[in-house]
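I opened the notebook with the sequence and the model side by side. Here is what I looked up.

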Amino acid sequence: MFDDNDILMMQNALRLARQGRFSTSPNPRVGCVIARGSQIVGQGFHVRAGEPHAEVHALRQAGEAAEGATAYVTLEPCSHYGRTPPCAEALIKAKVGRVVAAMTDPNPLVAGKGLAMLHNAGIITQSGLLEDEARALNRGFLSRIERGRPYVRLKCAASLDGKTALSDGRSQWITAEAARQDVQILRAESCAVLTGIGTVLADNPRLNVRTLPTLRQPVRVVLDSRLQTPPDCHLVRDGGSPTVIATLVSDPDRLQPYLQHRHIRIIRPSENPAGRIDLADLLRLLAEAGLGEVMVEAGATLASAFLAADLADEIVLYQSPKILGNPGRPLFDLPEQPDALHTNARWHTAALETVGSDIKWTLRRA
């Protein structure tokens, strides 16, 4: 069905799509290569929501050479009018001869309609080439569309003996500079960075991207059931990034000090039986707001709550060679012990690498 040249061209399209990983949210990361045989005549990627899609950039570069050529796209071309015209329509107008999509678009507005439009116009259409790679590139987008919740990544840092802080809460710095720089990349890739009120009160974090250029900052999300976020903390005072405060409080007088800031939005998820924010409902609201990839940077209590609720999709653990000793605070705090070791194998190692003097361990659900 596909030959070696098809694979090579789709690999090129996937590399292009990856260049949009810091900026396309809430849109998917998409790359496009237009080729005549082994010769690339046009290529491009989607940079930012509201701006031209990958196919448009590639067609502009190809010009008249697009006629009769093959367009390799990492996601089915769109077929509807949104902030930009349909890409399927642009490909038809350019008279391409064949379109190969890595995967169909699960968005109900497209969902096969783009390929059908192309097929009805007499263009050869195929899909499924390097689909696994394309899906991995857009885990957040696909999770939001297919599951109605974001893809959740837990970012953790621990010592060699599994501690996240000294007994008095001090944690700066368990990991070295290289690992902290790597976290900035993870933040830039995420649609949102989420933490709990405990971390806000203890560390006054900024939760933004500070050490590399980015076209957009991640949304900062704070879980604050009782609305204890200090009005003078960085998340409230600094308007460079949008901030969402999730709370159970509904009193307008208590909400007003936060709502006077244009960058702050208050959401009210449902309450769970324990009197805390229901995490599943919180994720539903974040997905409805267009957030597909959420990184949780929090202490053991909130991280463990995501694990206990089976709502974490990935764990990125930066492990330092330092040893903090028994009084230190644990990485996770889960109340239940499995009946046997083999019953708890829900995670598998996706990647393991050295980052400076630390180890970066990426785990995904088995």
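Which side chain does the side chain of E177 make a polar contact with? I found R180, at 2.9 Å. A polar contact here is a pair of N or O atoms within 3.5 Å; within protein, one must be able to donate a hydrogen and the other to accept it, and residues adjacent in sequence count only if both atoms are side-chain atoms.

Ground rules next. This is a predicted model, where local features need pLDDT of at least 70 and side-chain atom pairs count only at pLDDT 80 or more, while totals for chains, interfaces and linings use all residues. Residues are numbered from 1 along each chain as its sequence is written, and side-chain values use heavy atoms, with hydrogens and water left out.

**Entry: E177**

I placed E177 in helix α7. Helices (H or I, at least four residues) and strands (E, at least two) are DSSP runs, numbered from the N terminus. E177 is partly exposed, at 41% relative accessibility. The scale calls a residue buried under 20% relative accessible area, exposed over 50%, and partly exposed in between (1.4 Å probe, protein chains only). I also checked E177 against S357: they are 180 residues apart in sequence, yet 9.0 Å apart in space, C-alpha to C-alpha.

**Entry: the sheet**

I traced an open sheet of nine strands with mixed pairing. Its order is β11-β10-β9-β8-β12-β6-β13-β16-β15. Two strands pair if DSSP finds at least two bridges between them. β11 (264-267) and β15 (347-355) stand at the edges with a single partner strand each, so one side of each has no neighbour in the sheet. From one strand to the next, the twist averages 20°.

I then zoomed in on one pair. Strands β8 (residues 192-196) and β9 (residues 219-223) run parallel over five bridges. G196 has L223 as its bridge partner in β9.

Which strands does helix α7 lie across? I listed β6, β8, β12, β13, β15 and β16. Helix α7 covers residues 177-189 and runs at about 160° to β13. Helix α10 (residues 252-259) lies across β10 and β11, at about 150° to β11. For these angles, axes are lines fitted to C-alpha atoms, for helices over the stretch in contact, and angles run from 0 to 180 degrees between N-to-C directions.

**Entry: annotated sites**

I looked up the UniProt record, an unreviewed entry. Its "binding site" annotation covers A157, W173, T199, S225, G299, A300, T301, L302, A303, S304 and A305. They span 149 residues, and the farthest two C-alpha atoms are 28.3 Å apart, so they do not all gather at one spot. Positions use the numbering here, feature names are shortened, and annotations may be inferred rather than shown by experiment.

I picked two of these residues. A300 sits in helix α12 (residues 300-308) and is buried at 18%. Beyond four places in sequence, A300 touches P330, L331, F332 and D333. Contact means heavy atoms within 4.5 Å. L302 is also in helix α12 and is buried at 13%. Beyond four places in sequence, L302 touches L194, T195, G196, L223 and L279.

**Entry: cysteines**

How many disulfides does the structure hold? I counted zero. A disulfide is a pair of cysteine sulfur atoms within 2.5 Å. The sulfur of C78 has its closest cysteine sulfur in C87, 3.8 Å away, too far for a bond. C78 is buried at 9%, and C233 is buried at 3%.
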